[in-house]
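Subject: Structure for you to look at

Hi,

Here is the structure I promised to pass on. Please have a look, then read my notes below.

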Amino acid sequence: MTAAENLADIHSCARPDEVVVRHLELDLTLDFAAKIARGTCALTLDRKLASAPLWLDTQDLAIESVLTDAGASVPFKLGARDPILATSLRIDLPKGCTHVTLHYATRPNSAAMQWLDPAQTKGGKEPFLFTQGQAILTRSWIPLQDSPGVRATWRATIHAPAALRPLMSATTRGGDAKSGYTFAMDKPVPSYLIALACGDLAERQISKRCAVWAEAAMIESAAAELEDMERMVASCEAQFGSYRWGRYDVLVLPPSFPFGGMENPCLTFATPTILAGDKSLVSLIAHELAHSWSGNLVTNATWRDFWLNEGFTVYVENRIMESLYGIERANMETVLAMKGLAEELKQLPPADQILHVDLTNRNPDDGMTGVPYEKGAAFLRLLEQQFGRARFDAFLRTWFDQHAFQSVTTAEFEAWLQRELFAKDAIAAQQIDLAAWIHQPGLPVNAPTPQSQAFVDVDRLRAEVMQRQSADSIRSVQWNTQQWLRFLDGFDVNAKLLAEVDESHHFTQSGNCEIVCAWLQLAIAADYLPAMPRLEDFLLNVGRRKYVRPLYERLNHARDGNARAIAIYQLARPHYHAVTVRTLDEYFGWQPK
Ligand code: BES
Ligand code: ZN
């Protein structure tokens with residue numbers, strides 16, 4: 001039994017200290033016409049308290065029956081719906097019963113699942129399905145103990161229409177269209193890492209253990225963009241210990257995917273908006289890969305420990321970037337991220353600036369700010385700086401090794417840190433105000449801020465352009481993506497000057513979504529009309545929350561923008577995943593009818 005199983009996770013109805021699910025077997029048939037998955041979920045139980053019932057999490061599931069292996073019905077009861085936790089399922093287990101099978105179906109509105117019509121795909125001919133489990137959405141497609149403190153192995157058989165290929169976040173794949181595709185995850189994983197996608201998919205091998213999957217119409221560009229995957233895995237292994245998951249594949253999804261990436265084990269799910277054509281946005285893959293250590297191997301026990309996943313991952317991501325593309329590039333990315341954090345901190349209430357954040361009565365999704373990511377990573381950079389890279393690397397590597405396939409709390413990390421690092425060098429430890437970093441708001445003053453010489457030039461030229469109200473000085477500069485992002489940040493100018501920049505650099509039509517998103521925000525503020533068709537097109541096609549949220553916000557604040565923002569949202573809303581819809585509904589005060 002692991003410590004995390006005895007912890008109360010406020011975001012789950014499960015009581016893993018009484019009965020814990022050790023293994024799951026799914027058999028699901030995907031009905032694209034009805035937008036429903038139907039079948040069975042068989043659970044293998046470890047009954048720590050002989051007489052206790054089994055409590056599961058569900059959301060918008062139709063539970064048809066619960067049976068023992070002998071076929072006897074087991075009494076069950078769905079609870080009242082909670083606005084955050086959704087619906088508990090109490091199963092009154094017969095004496096000694098350690099195996100039950102639930103017959104159930106999802107509903108078309110099951111939040112994790114997005115069923116795309118053919119028109120929402122690149123190919124345009126076949127439908128597509130993907131799931132997004134993190135943080136607490138797996139319960140909307142599988143009845144289980146939906147807590148990151150509970151780990152289980154699983155197997156699945158997926159029946160899909162013949163033209164479509166299902167894929168899952170599994171260590172092994174088998175089967176075929178006729179008898180169903182099979183998947184198995186032989187390592188214990190938390191529920192939020194169980195993922196399924198199904199569409200007209202093609203595969204390109206990158207190396208022996210790495211492949212790219214995408215719709216056929218996108219597969220060549222996806223494979224070219226991600227050609228460095230194997231080098232990334234090798235680099236991370238060399239620095240932080242062996243890759244324990246067998247294969248590392250990336251699935252590039254249609255553009256409605258609500259996140260940049262999701263670290264589903266063995267199969268990262270990624271937005272197509274990283275396909276810039278020049279590998280300039282591949283740090284996202286470094287990030288999702290890094291989760292194979294920080295997050296998937298060593299997992300946050302509860303969602304308030306989320307920074308142990310994301311802060312560590314941003315740190316490791318940057319180390320991969322440094323080793324593949326050099327310190328200059330890695331520093332540019334960190335400087336951009338820290339600038340973003342500084343701006344966000346000005347807006348965030350103090351309670352949300354704490355790494356070990358209190359999420360009582362809140363959706364864990366609300367904790368997904370720059371704080372766990374960038375403040376978390378800055379803390380690790382400070383540790384590296386104080387104790388030296390060699391010692392810090394050894395420390396991190398043993399943290400991963402000693403907690404492999406476990407879920408951990410912030411308190412466990414603090415104790416480990418004291419014992420394994422601080423106790424060994426009191427002088428270095430003195431420089432670190434642990435309480436301020438982990439339990440208090442704001443960014444401690446000794447947060448390391450890397451410098452980028454390349455950005456000094458960019459800053460100088462931005463100031464010059466703004467002062468002269470002429471784009472002459474940048475007409476022929478050739479900067480990389482990170483330099484342009486630096487340039488556009490704070491480039492608040494009028495439409496005339498934007499037009500001048502657009503003439504030489506064609507940002508309105510850029511295929512680099514990171515640049516387009518920054519550019520469109522400036523265009524909205526300046527009322528630069530030639531960019532407006534691109535804005536509408538972008539909002540109607542891309543569902544990545546990080547991009548669409550600031551665009552709607554800018555538009556909503558622009559002169560006469562509120563009506564336009566709502567008109568576009570009304571058209572785009574049916575094309576977004578539930579995660580993006582929830583955020584934007586809240587923003588617009590939208591009442592679903
Ligand atoms: N695990 C996260 C995505 C996530 C977090 C989904 C919380 C649901 C709840 C993933 O690893 C991530 O951080 N993605 C980022 C990209 C990254 C490069 C910062 C994203 O999607 O923007
Ligand atoms: Zn992440």
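Start with overall size. The protein has 593 residues, and a compact globule of that length would have a radius of gyration near 25 Å; the value here is 24 Å, which agrees. That radius is taken over C-alpha atoms, and the globule rule is 2.2 Å times the number of residues to the power 0.38. The C-alpha trace spans about 80 × 60 × 45 Å along its principal axes.

Now the ground rules. This is a predicted model, in which local features need pLDDT of at least 70 and side-chain atom pairs count only at pLDDT 80 or more, while totals for chains, interfaces and linings use all residues. Residues are numbered from 1 along each chain as its sequence is written, chains are lettered from A and ligands numbered from 1 in the order in which they are written, and side-chain values use heavy atoms, leaving out hydrogens and water.

**Fold and surface**

There are 18 helices and 21 strands. These are DSSP runs, numbered from the N terminus: helices are H or I with at least four residues, strands are E with at least two. Of the 593 residues, 61% are buried (under 20% relative accessible area; exposed is over 50%, partly exposed in between; 1.4 Å probe, protein chains only). Among contacts (heavy atoms within 4.5 Å) with a separation of 6 or more, 71% join residues 24 or more positions apart. The protein exposes about 22700 Å², with carbon and sulfur atoms supplying 52% of it (Shrake-Rupley method, 1.4 Å probe).

**Domains**

The bounds come from an automatic or database domain assignment. Domain 1 covers 1-114 + 127-195, domain 2 covers 298-439 and domain 3 covers 454-588. The C-alpha centres of domain 1 and domain 3 are 41 Å apart. Even so, seven residues of domain 1 contact five residues of domain 3.

**Backbone points to check**

- The peptide bond from Gln-134 to Ala-135 is cis, with omega near 0°. Ala-135 sits in the loop between β9 (128-131) and β10 (151-159).
- Phe-405 is not a glycine, yet its phi is positive, near 60°. Its loop runs between α7 (389-402) and β21 (406-408). Phe-405 is buried, at 19% relative accessible area.
- Asp-560 also has a positive phi without being glycine, near 55°. It lies in the loop between α16 (545-557) and α17 (561-572). Asp-560 is exposed, at 61%.

Best wishes
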